[in-house]
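Biologist: I would like a close look at a single part of this model. Please take the sheets and the helices packed around them, one step at a time.

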Amino acid sequence: MDIKVFRTCEEASAYAADLVEAVIRKRPDCVLGLATGSTPEGLYAELVRRHQTDSLDFSQVKSINLDEYIGLTGDHNQSYRYFMDSHLMNHVNIDRANTFVPNGTAVDLEAECRAYDQKWLDLGGTDIQVLGIGPNGHIGFNEPGEILHADTHIEVLTQETIDANARFFASADEVPRRAITMGMRDIMSAQQLIVLAFGAGKAEAIARFNDDQVTPDCPVTFIKLHPNATLIVDEAAAALLK
Ligand code: GLP
């Protein structure tokens, strides 16, 4: 497991962009596994910059996102579809038809989950998966608990996650209580994983990399099992790393 510590999140985001760019340049029709949250915003801004100034070409790139809130339509400004469009898709030459986010307003949510796993298979899997971390160690919306799920599924959000994400909504009451998330299999099957964590709020989750334990009470620890994973952190998130 490769751990890279950078002074600032800007430097860390530029390094993450280097890794994603390398995949796109090597395989122009690659599949990017994408994440939302404030953490990858700098990465996406850097990819947009490289598209605009270094002709990084997204014309054949495909993308599949980790998760979506249940109950928010794609035009809701806190939906993850809206996030991806506004931070990346609207600013690069990707074919929007090749960008996938779960539909959080599907009438049959179970069928949406099954279709999403099939979509991942049809795309041929993910070349590089970008991950952030919840303060409680969740990845996607795979919340800590006694078990984790392999398949795309409906997750009931923990209070900690609702509180952490309330800053994006008018109040905690408006945070959706459930989400569709890719399960651990599709995440762990990516050819390459990059995990980003910035700020002191992530330091405890990152401290779980001080040992070799893998446990569902901190889902991000599972990435220790991946043969090609890089943890990219700033100094604040690395504060408790030995
Ligand atoms: C949400 C997403 C996660 C993300 C997390 C961290 O809960 N489902 O994929 O990693 O937020 O958010 P932030 O980067 O804003 O700290």
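Modeller: Start with the sheet of three strands. It is open, its order is β4-β8-β7, and the pairing is antiparallel. This is a predicted model, in which local features need pLDDT of at least 70, side-chain atom pairs count only at pLDDT 80 or more, and totals for chains, interfaces and linings use all residues. Residues are numbered from 1 along each chain as its sequence is written, and side-chain values use heavy atoms, with hydrogens and water left out.

Look at the edges of this sheet. They are β4 (67-69) and β7 (153-156), and each of them pairs on one side only. Two strands pair if DSSP finds at least two bridges between them. From one strand to the next, the twist averages 25°. β4 and β8 (residues 178-181) share three bridges, in the antiparallel sense. Find Tyr-69: Ala-179 in β8 stands opposite.

Now step back to the whole chain. It has seven helices and 10 strands. Both are DSSP runs numbered from the N terminus: helices are H or I, at least four residues, and strands are E, at least two. Along the principal axes, the C-alpha atoms of the chain fill a box of roughly 40 × 40 × 35 Å.

Next comes the sheet of seven strands. This one is open too, with parallel pairing and the order β1-β10-β9-β6-β2-β3-β5. β1 (2-6) and β5 (99-100) stand at its edges. Each has a single partner strand, so one side of each has no neighbour in the sheet. Ile-64 stands opposite Phe-100 in β5.

α1 packs on it and touches β1, β2 (31-34), β6 (128-131), β9 (192-197) and β10 (229-234). Contact means heavy atoms within 4.5 Å. The direction of α1 makes about 155° with that of β10. Axes are lines fitted to C-alpha atoms, for helices over the stretch in contact, and angles run from 0 to 180 degrees between N-to-C directions.

Stay with α1 (residues 9-26). Helix α1 packs with α2 (residues 41-54) at an angle of about 55°, and their axes are 9 Å apart. The two helices are therefore oblique to each other. Oblique is what remains after roughly parallel (under 35 degrees), roughly antiparallel (over 145) and roughly perpendicular (65 to 115). From α1, the contact uses Ser-13, Ala-14, Ala-16, Ala-17, Asp-18, Val-20, Glu-21 and Arg-25. They meet Gly-42, Leu-43, Glu-46, Leu-47, Arg-50 and Asp-54 in α2.

Finish with another partner of α2. Helix α3 (residues 80-87) packs with α2 at about 40°, with the axes 10 Å apart. So α2 and α3 are oblique to each other as well. On α2, look for Glu-41, Tyr-44 and Val-48. On α3, the contact is made by Phe-83, Met-84 and His-87.
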